[in-house]
Amino acid sequence: MKLSVIGCGYLGAVHAAAMAELGHEVVGIDIDPAKIEALAAGRAPFFEPGLPEILVSASATGRLRFSTSMADAAGAEVHFIAVGTPQKKGSHAADLTYVNAAVAGLIPHLAEGDLVVGKSTVPVGTAAELAAKVAASGTGALLAWNPEFLREGFAVSDTITPDRLVYGLPPEAAQAERAKTLLDGVYATALAAGTPLVVTDYATAELVKVSANAFLATKISFINAMAEIAEVTGADVTQLATAIGLDDRIGWKFLKAGVGFGGGCLPKDIRAFTARAEELGRGESVAFLKEVDAINLRRRQRVVDLAVEALGGSVYDKKIAVLGLAFKPHSDDIRDSPALDVAVQLHGLGAIVTATDPQAIPTASRVHPQLAYAADPAAALMGADLVVLVTEWDEFRHMDPVWAKALVGTASIIDGRNTLDAAAWRAAGWTYKGLGRP
Ligand code: UGA
C-alpha cells in the first residue's frame, strides 16, 4: 500500500521505516530539514536500536522516501499523523498545535477514499474534532484513530510485531468498514500472525492509549510509594516487589522501585489526562494521577537528599559521578529524565558533577552545557567523592566494584535504580545505598 507518515520523531521515523520494511511504499514527512536529510541518507537522527538497519534496508528497496513537503503525501491512500503532543507551556494540558497543523496541512493533498490515521497521543475528543475537519474539507477522506504502544529502545520490534492493535473507527457503519479494510491492509502481516485486534470508536481508542500509560505510571509510583514506607520501617522494597509480583495478577513488570519514570510519554500523558478529565467535569476520577506524579517527582528529590546525606550534609565542592542521563537505557532521550534532573539539581547545589551515559551525552549537553560530561564511566569515576547511578545501562550494571573502587576518591554509591548487586559492592568495600532498601 502507499502510505504517508507525517512527523518523523521517535514514533513516526520508526513507523515509516517499519511499514516500508513490511512491504508498503512509504513517504515520511517532517518540517525539520536536518531530520529529513539524515533519514533520507539512512541515518537515524536519534538513538533507537535496530532503526539504522531498517532505514538502510527499506531505503535500498526504493520503498522508503523522506520529504519536507506535505505535497509529497498526495498519492498515498493512508496518512499517519505521528507528530508530538508535548505538555503545553504553563499548563498540564497537551499542546495540540502540531497535530492540528499536520491535519490542516494534509487536507489539501487528500483524495477521495484516503484515510487519515491518528497515532499521536491526544486528549479524548480530539479524533472526533479532527474527523469533522476532514469531513468539512469535502475531500471524501475519512479519519481513524490507531494509538501506538511502542516503547523507546524496543520501538522497531514493537512496531513490526505489536502486542495488540486498536482501531478507533468512524461512527457511520459504511465508513467504519472502509477505514477498517484499509487498516487491515496496512497491518496485514501482524494480523496474519494473530496479533489481537480491538475495533472500537474514537473515544475508546484515544482513552486506551492514555489509560495504558496512566496504569503503567501508577504501577511504578505504587512501588515507589512502598519504597517510601520501606525507608522508614527498615523493609526492603525489592524483596517486597519480588514477593507481590509472584502473584500473577500483579506481576513483576513495571514494579522496579527507583528514581522514577520520565521520558516524553508517561509524565506528560498523566498530566494531560488529568487536565482533560477536569475539562470534562470528571477531575476527581483521575485525581490520583496527581499523587502518582507527586510520588514520582519525590523520588528524584530522595536521590538528591541521599547524596547530601552521604556527603555529610552538603554536596558543595564535592565531586559526584552521575552514571546515566537518558530517561531509561537503550535510549538517548532526555525528555523529563529523572537522571538528568538529579545531575542538574546536584550541580545547582554546588557539586562538581561529572555525568556519563553511553548515548545521551549529545542530547543532554545541548540542554545543559553547564554540566561536565565524561565519555566513559572510568573518566566519570576518577577521584569521585560519591557515585550516583540513575539510568540502568548494562555498562553500569555490570561494572566491577573492585575496578571502580580503584578509580574513585571515596567508595560510596547511591543505586538510584536498585540494579546493582548490593552484597558484591559492599564486599568490595563500598558504602552502598539503594532506594527503599536498608
Ligand atoms: C511508554 C509506554 O511504556 C509505551 O507503551 C508507550 O507506547 C509509550 O510510553 C508512549 O506513550 O509512546 P516509554 O516512554 O518508551 O514507553 O518508556 P517506558 O519503558 O514505559 O519507561 C518509562 C519510565 O519508567 C522510564 O523512565 C523507566 O526508567 C521507568 N520505569 C519503568 C521505572 O522506574 N520502573 C519500572 O519498573 C519500569
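The points below go from the ligand and its surroundings to the pocket.

1. A word before we start: this is a predicted model, so please read every distance and area below as computed from it.

2. Let's begin with who surrounds the ligand. There are 21 residues around it, and those that come nearest are L150, E152, K209, N213 and F327. By class, this shell contains 10 nonpolar residues, eight charged ones and three polar ones.

3. Which helices each supply at least two residues of the shell? They are α9, spanning 202-233, and α11, spanning 266-279. The largest share, four residues, is from α9.

4. The ligand's oxygen atoms are worth a look in your viewer. One oxygen atom lies 2.9 Å from a side-chain N or O atom of K328, and an oxygen atom is also found 3.1 Å from a side-chain N or O atom of R417. As for cover, the ligand on its own has 720 Å² of accessible area, and the protein covers 91% of that.

5. Do also have a look at the second largest pocket, which holds about 180 Å³ of space. Its lining includes V237, T238, A241 and T242, the run W252, K253, F254, L255, K256 and A257, and finally R417 and N418. Sorted by class, the lining has six nonpolar, three polar and three charged residues.

Terms used
Residues are numbered from 1 along each chain as its sequence is written. This is a predicted model: local features need pLDDT of at least 70, side-chain atom pairs count only at pLDDT 80 or more; totals for chains, interfaces and linings use all residues. Side-chain values use heavy atoms; hydrogens and water are left out. A residue is near a molecule or strand if one of its heavy atoms lies within 4 Å of it. A polar contact is a pair of N or O atoms within 3.5 Å; within protein, one must be able to donate a hydrogen and the other to accept it, and residues adjacent in sequence count only if both atoms are side-chain atoms. Accessible areas come from the Shrake-Rupley method with a 1.4 Å probe; for residues, only the protein chains shown count as cover. Ala, Val, Leu, Ile, Met, Phe, Trp, Tyr, Cys and Pro count as nonpolar, Asp, Glu, Lys and Arg as charged, and the others, Gly among them, as polar. On a 1 Å grid over the protein atoms alone, a cavity is a set of points where a 1.4 Å probe fits but cannot get out, and a pocket is an open set with protein on both sides within 12 Å along at least five of seven lines; lining residues have an atom within 4 Å of a point. Grid points are joined across faces, edges and corners, and a volume is the space filled by probe spheres set on the points.
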